Amino acid sequence: MTALEFTNHIGKVSKSLRPFALRLTKDVEDANDLLQDTLLKAFTNRDKYTDGTNLKAWLYTIMKNTFITNYQRMVRKNTFIDTTDNLHYINSTESSTENLAYSSFAQDDINRAVNSLDDTYRTPFMMHFRGFKYHEIAAKLDIPIGTVKNRIHIARKELKDQLKVYAYFNA
């Protein structure tokens, strides 16, 4: 298809693109800009268009992708990241106070629950909690890795049962 034929086909279809652009942008000027960008991209990429393809659908896809790209660019441009050392009051935790009663009760209950676990479950669980990998725990305790995973699973299950009262507070 020659450039002139392609332009003629686009001219016929472009009238139906305007309402779609208006629905996307919700602004007449932005819709006109989007339509212009779409037609420019279509014309510059006309070599990628193959005869027999639905031209209208091809243009709608270009318009939608152009709109999404422009929107993402606008969001990134409007995102403000404060890299200064100046701590603003809103982000400062120095001036805020917190009631630690709940957390100390919870921490006491967690410690009590962990300490109530049988040693065979508590040891691998605490090692995993401290950051050891399964294979490291298996090597250190000289047990198979499947046993380590099973014991950690059982410890979690027992702790979950003992501490289920806290599930309601965090839900």
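**Reading rings and surfaces in a predicted model**

A nonpolar surface patch of about 280 Å² is formed by Tyr71, Met74 and Val75.

Me: How is a patch like that defined?

Reply: Patches are made of residues with over 30% relative accessible area and no salt bridge; like charges are joined within 9 Å, nonpolar side chains (Val, Leu, Ile, Met, Phe, Trp, Tyr) within 5 Å. A salt bridge is a side-chain nitrogen of Lys or Arg within 4 Å of a carboxyl oxygen of Asp or Glu. Areas come from the Shrake-Rupley method with a 1.4 Å probe, and for residues only the protein chains shown count as cover.

Me: What should I know about the model itself?

Reply: It is a predicted model, where local features need pLDDT of at least 70 and side-chain atom pairs count only at pLDDT 80 or more, while totals for chains, interfaces and linings use all residues. Residues are numbered from 1 along each chain as its sequence is written, and side-chain values use heavy atoms, leaving out hydrogens and water.

Me: How many helices and strands does the protein chain have?

Reply: Helices (H or I, at least four residues) and strands (E, at least two) are DSSP runs, numbered from the N terminus. This chain has seven helices and zero strands.

Me: How do I read a pair of aromatic rings?

Reply: Such a pair is described by the distance of the centres and the angle of the planes. Rings of Phe, Tyr and Trp (its six-membered ring) pair if their centres lie within 6.5 Å; planes under 30 degrees apart are stacked, over 60 edge-to-face, and the rest tilted. The structure holds five aromatic pairs. One of them is edge-to-face: Phe6 and Trp58, 6.1 Å centre to centre with 75° between the planes. Phe6 lies in helix H1 (residues 3–25) and Trp58 in helix H3 (residues 55–78), so this pair ties together parts 52 residues apart in sequence.

Me: Are Phe6 and Trp58 buried or exposed?

Reply: Buried means under 20% relative accessible area, exposed over 50%, and partly exposed in between (1.4 Å probe, protein chains only). Phe6 is buried at 2%, and Trp58 is buried at 18%.

Me: What about Phe20 and Tyr60?

Reply: Those two form a tilted pair, 4.9 Å centre to centre with 55° between the planes. Phe20 lies in helix H1 and Tyr60 in helix H3, so the pair joins parts 40 residues apart in sequence. Phe20 is buried at 16%, whereas Tyr60 is partly exposed at 23%.
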